[in-house]
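Dear colleague,

Please find below the structure I am handing over to you, followed by an account of what was found in it.

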Amino acid sequence: MMAIIPATWDMYDMLQAVIQAPTYHLIFEALLIILIVKLVFSKAYAPDKTILTEKEKDELIEEWKPEPLVPDTPDDHPLLRSMENNIITGRPDKIMTINGKSVINMASMNFLGMLGDESIEVAAQKALSKYGVGSCGPRGFYGTMDVHLELEDRLAKFMQAEEAILYSYGFATIASAIPAYSKRGDVIFVDEGVCFAIQKGLVASRSVIKYFKHNDMADLERLCLEQQKEDKKLPKKAKVTRRFLVVEGLYAKHGDICPLPKLVELKWKYKLRIFIEESFSFGVLGDNGRGVTEHFNIKLDEVDLVAACLENAVGGAGGFCCGKKYIVDHQRLSGLGYCFSASLPPMLASGAIQSLNIIENDQSLFSRLHQKSEKIHKELSKIEGMRVMGDKVAPIKHLSLAEPSDDRSLDNRTIEKITQEASQAFGALAILILLWECLNFAMERGLALTPARYLEHEEHQLPPPSIRIAVNVKLTEDEIAKCMDIIADSCHAVLGKS
Amino acid sequence: MAPGGEVNLETVNTNGKINGKVHYSNGHKTNGTHHKYGHDLDWRSSWWESFEETPLYAAVWTYLGYGLLVLVGHIRDFMRNIGIESQKSCTEPKLPGFVPLYQSWESFYTRNLYRRIRDCWNRPICSVAGEYMDVMERKTYDNGWNFELTDKSQRVMNFGSYNYLGFSENKGPCKDAVEIVTSQYGITSGGSRQELGYLDIHKELDDLVAQYLGVEAAMTVPMGFATNSMNMPCLVSKGCLIFSDELNHASLVLGSRLTGATIKTYKHNDMEDLEKKLKQAVVHGQPRTHRPWKKILIVVEGVWSMEGSVVCLPEVLRLKKKYKAYIYLDEAHSIGAMGPRGRGVVDYFGIDPRDIDIMMGTFTKSFGSAGGYIGGTRKLINHLRCNSHAAVYSPSMPPPVAQQIISSMKIIMGKDGTGEGLRRVQQLKTNIRYFRRRLHELGYIIYGNRDSPVVPLLIYYPARAGCFSRECLKRGLGTVVVGFPATPIIESRARFCLSAAHTREMVDKALDIIDEVGTLLKLKYSRMEVPQWCEDDKNANVPIH
């Protein structure tokens with residue numbers, strides 16, 4: 001009670017104060033009181049707030065017309081047509097059957113010829129009769145089979161890493177790994193030419209993305225310095241901002257190799273954590289196929305995380321990440337694609353183990369692959385009017401049009417015919433259709449090739465349209481010679497040169 | 001009216017206890033409170049879903065338990081920091097100049113709470129994940145920081161794997177067909193659909209899936225998770241609005257985020273909330289600009305894997321038609337497991353699948369394989385085949401995986417000439433009803449729909465969850481327990497997944513074990529009147545006594 005009603009002497013003091021106050025003060029206070037009363041009773045400010053009646057709402061709902069769920073795609077869309085016209089029967093091995101026709105396959109990413117290996121199939125069948133096909137659960141809920149553990153162990157040993165973690169899908173591997181570490185507010189430096197899976201991982205991480213020019217170390221350093229300046233301005237924020245560097249070992253879109261020594265140097269200089277996507281370099285580069293680290297003779301400890309899919313050189317399915325235990329283990333609770341997805345079918349894991357057996361036991365496999373890749377690179381470079389992108393040891397080659405020196409270098413009639421059709425489907429990308437002509441020409445002569453496909457509107461940076469040629473170590477010299485002739489012929493035929 | 005419905009509410013109310021009226025944390029409504037939409041009684045009449053309210057004492061003790069765990073955790077963290085207690089986990093080395101990869105508080109939960117019951121997850125098995133499985137024994141010498149495998153294994157009943165129709169088998173017609181395909185095709189397809197990775201087996205599979213679903217066309221993807229995350233961005237974009245159920249699976253959340261569209265969540269399976277928000281969205285358009293939304297997509301699951309609830313599909317459909325939205329239905333847990341013909345929730349409600357704009361599902365669960373599908377109009381599938389991330393950037397399905405789906409799907413469809421498929425569907429349904437009813441009888445709080453193959457049994461206390469899992473395993477029952485962060489913090493639960501491969505004897509044996517362990521751990525919290533229904537569909541609502 002004491003606190004609520006002032007005691008009498010307080011009342012007395014207050015009365016005294018009123019009496020002694022100057023008149024102007026009293027008038028001022030009275031005015032203030034009037035103002036407050038006016039404010040309390042005046043109408044609230046409302047910037048013509050519209051309140052809709054139920055009828056109006058119903059009308060609005062009636063009126064609203066959503067866009068169609070998807071745009072129209074005719075059944076004879078060139079992409080669909082090319083898919084339906086090129087259905088493969090049976091195993092897409094070195095020699096495969098498309099539409100009943102036997103052709104040499106330089107489209108599948110079967111670098112080590114694992115796709116045709118019988119021992120892998122036998123291993124898979126053996127696992128099938130033990131485990132069935134599906135694992136029927138995520139790793140956490142009885143979806144961990146002993147073969148998964150074995151494969152993780154083997155991959156870690158092969159890569160000379162502390163630990164490996166297995167994903168059930170190649171695409172999901174790096175796309176889950178990046179957002180497991182990099183969160184909102186963190187900074188990621190990325191090469192412009194990275195593959196789509198990385199791009200999706202970047203979006204999912206919601207971090208600040210800084211792209212540097214493809215394989216341009218000066219540009220990366222410029223960005224690092226910029227970041228350093230920013231950090232100096234906000235040292236508190238810099239203390240909690242993790243910095244990542246994401247690159248590919250062998251770029252799927254360009255076929256070239258990242259300058260790893262320089263990247264590692266920059267990593268230590270600017271304190272970045274480096275993640276390498278090795279889907280195309282794992283089982284390809286290096287004397288033992290350990291990837292880009294072995295290629296440059298750099299210890300795996302120097303990089304923080306290596307991610308790769310098992311779908312290319314290994315000829316299996318799924319993907320894995322490897323590195324230090326304290327890094328990799330984090331994904332077992334934070335990798336979305338790991339925690340929330342059924343594990344890899346055990347028979348595919350067994351297949352991958354057998355594939356690793358082959359890789360580990362055949363010492364000459366990689367030198368042979370490099371040699372063949374170099375040979376094919378040399379042959380392709382000879383084709384006039386075309387340009388081969390990428391490193392000479394890379395088993396994927398992107399063959400694109402060289403900039404036409406003058407208008408006559410391309411047959412105008414062909415271009416005209418093609419652009420008409422192309423502009424319907426692809427807008428500006430008429431060249432793709434042109435390449436398609438090449439492929440059809442080659443297919444008729446017994447060689448299966450594929451254009452490198454991209455989603456034109458989704459890619460961060462679109463490489464020039466190209467034919468992607470995959471080298472298979474099992475191709476014989478004769479076959480290579482034959483293929484090169486066919487490629488040269490079809491380019492010449494379609495590009496109007498003889 | 002279902003005896004489990006109205007009657008219950010009355011009895012409960014006279015007791016002064018409002019069992020499962022409106023569940024505060026996840027908005028479940030139960031036992032017939034859905035009657036507000038009573039104009040559509042034909043599906044409501046055979047609808048029974050229960051989300052009994054958490055008993056107050058359980059909630060209080062659980063919070064106290066967490067409080068104690070957090071306190072002890074902080075004390076032990078402190079001791080580890082000053083070096084009294086040794087570090088047994090693998091910790092991040094301090095690199096000079098580098099910002100630490102993990103914040104200490106981020107892993108507090110993992111280090112101090114999860115670690116205590118870590119042995120309940122990631123249990124490796126060394127057999128097929130069928131009705132029985134061989135769980136490998138693990139030993140830990142440091143209280144869960146590290147595990148070592150011993151050579152021993154234990155054969156237990158499997159109530160944890162998603163093997164709804166029992167197609168996780170290592171012998172039989174499916175396995176034989178897969179074996180042949182493996183030697184014909186190898187184990188990988190070597191490229192994406194658009195880059196010469198489209199095999200005849202994929203075409204066969206796509207066509208079969210479309211036929212199975214009753215839609216014009218379908219496309220398959222090698223991973224269920226990726227089916228959502230790689231296809232949703234092709235359907236909606238910036239300027240579109242996604243209504244997502246608050247308990248949707250991580251893949252749907254990720255997929256929605258990758259689209260760039262605005263995402264709004266609504267209370268779990270709460271159609272009133274959805275309608276309110278839908279109406280507001282259509283009337284007011286986009287925030288600030290008030291431009292109308294380009295498209296509105298409602299994303300729902302058929303059966304939610306943590307709650308065992310079934311989507312109120314007829315109601316969603318009504319809202320879709322009224323507000324001209326599109327439906328994305330994820331049938332991961334319902335395809336094969338729900339409906340008289342095993343065609344998912346669409347079949348369960350007798351809805352024309354062509355009314356659903358995007359039918360999505362996975363092959364991991366009922367088909368004993370891997371991967372996922374999207375089905376719909378030819379226009380939709382053509383668009384996806386040209387523009388889906390999965391069709392362009394990643395290899396198509398491994399042939400053996402595709403063959404397993406083809407074989408099992410043909411059996412479910414009865415194309416093998418035997419009634420085996422339908423028998424399995426029926427067996428699963430009977431198992432579900434029987435198992436759920438018995439659990440209610442035993443006095444457990446069981447969440448979800450009586451026809452849902454996912455059966456969550458509420459445990460609440462995290463320590464008891466761990467104990468439940470261990471005690472069950474000891475007695476020969478392999479099951480899954482889930483806790484925070486997969487569930488609300490106090491709602492740790494055990495989850496059983498039923499299978500057509502479970503025989504009545506197995507189910508009875510499992511129930512005995514659950515009864516024993518439940519008595520031991522005092523888990524029989526339920527105060528709800530025991531619902532009574534028959535396993536047989538025709539007499540589903542007739543009390544059995």
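Across the interface of chain B and chain A in this predicted model, 44 residue pairs are in polar contact, both members of each pair being at pLDDT 80 or more. On the side of chain B that touches chain A, the largest share comes from helix H12 (residues 378-387) of chain B, which supplies eight residues. By residue class, that side of chain B comprises 60 nonpolar, 33 polar and 22 charged residues.

The extent of the interface is as follows. In chain B, 115 residues are in contact with 111 residues of chain A. The area buried between the two chains is about 9,700 Å², and carbon and sulfur atoms give 66% of that area. Four salt bridges are counted between chain B and chain A. One of the pairs forming a salt bridge is Lys203(B) with Glu84(A), whose closest N and O atoms are 2.9 Å apart.

Turning to the annotation of chain A, an unreviewed UniProt entry assigns the label "transmembrane region" to residues 23-41 and 164-182. In the model, residues 23-41 of chain A are 100% helix and 0% strand, and the end C-alpha atoms of this span lie 27 Å apart. For residues 164-182 of chain A, the corresponding separation is 19 Å, with 63% helix and 21% strand.

Two individual residues may also be of interest to you.

The first topic is Ile327(B), which is found in strand E8 (residues 326-330) of chain B. Is Ile327(B) buried or exposed? Its relative accessible area is 0%, so Ile327(B) counts as buried, the cut-off being under 20%. Beyond its neighbours within four places in sequence, Ile327(B) is in contact with Leu297(B), Ile298(B), Val300(B), Val316(B), Leu317(B), Lys320(B), Ile356(B), Asp357(B) and Ile358(B).

Setting aside residues up to four places away in sequence, Glu479(A) touches Lys94(A), Ile95(A), Ile104(A) and Lys474(A).

With kind regards

Note on methods:
Residues are numbered from 1 along each chain as its sequence is written. Chains are lettered from A and ligands numbered from 1 in the order in which they are written. This is a predicted model: local features need pLDDT of at least 70, side-chain atom pairs count only at pLDDT 80 or more; totals for chains, interfaces and linings use all residues. Side-chain values use heavy atoms; hydrogens and water are left out. Contact means heavy atoms within 4.5 Å. Buried area is the accessible area (1.4 Å probe) that two parts lose on being put together, summed over both. A salt bridge is a side-chain nitrogen of Lys or Arg within 4 Å of a carboxyl oxygen of Asp or Glu. A polar contact is a pair of N or O atoms within 3.5 Å; within protein, one must be able to donate a hydrogen and the other to accept it, and residues adjacent in sequence count only if both atoms are side-chain atoms. Helices (H or I, at least four residues) and strands (E, at least two) are DSSP runs, numbered from the N terminus. Ala, Val, Leu, Ile, Met, Phe, Trp, Tyr, Cys and Pro count as nonpolar, Asp, Glu, Lys and Arg as charged, and the others, Gly among them, as polar. UniProt positions are given in the numbering used here, feature names are shortened, and annotations may be inferred rather than shown by experiment. Buried means under 20% relative accessible area, exposed over 50%, partly exposed in between (1.4 Å probe, protein chains only).
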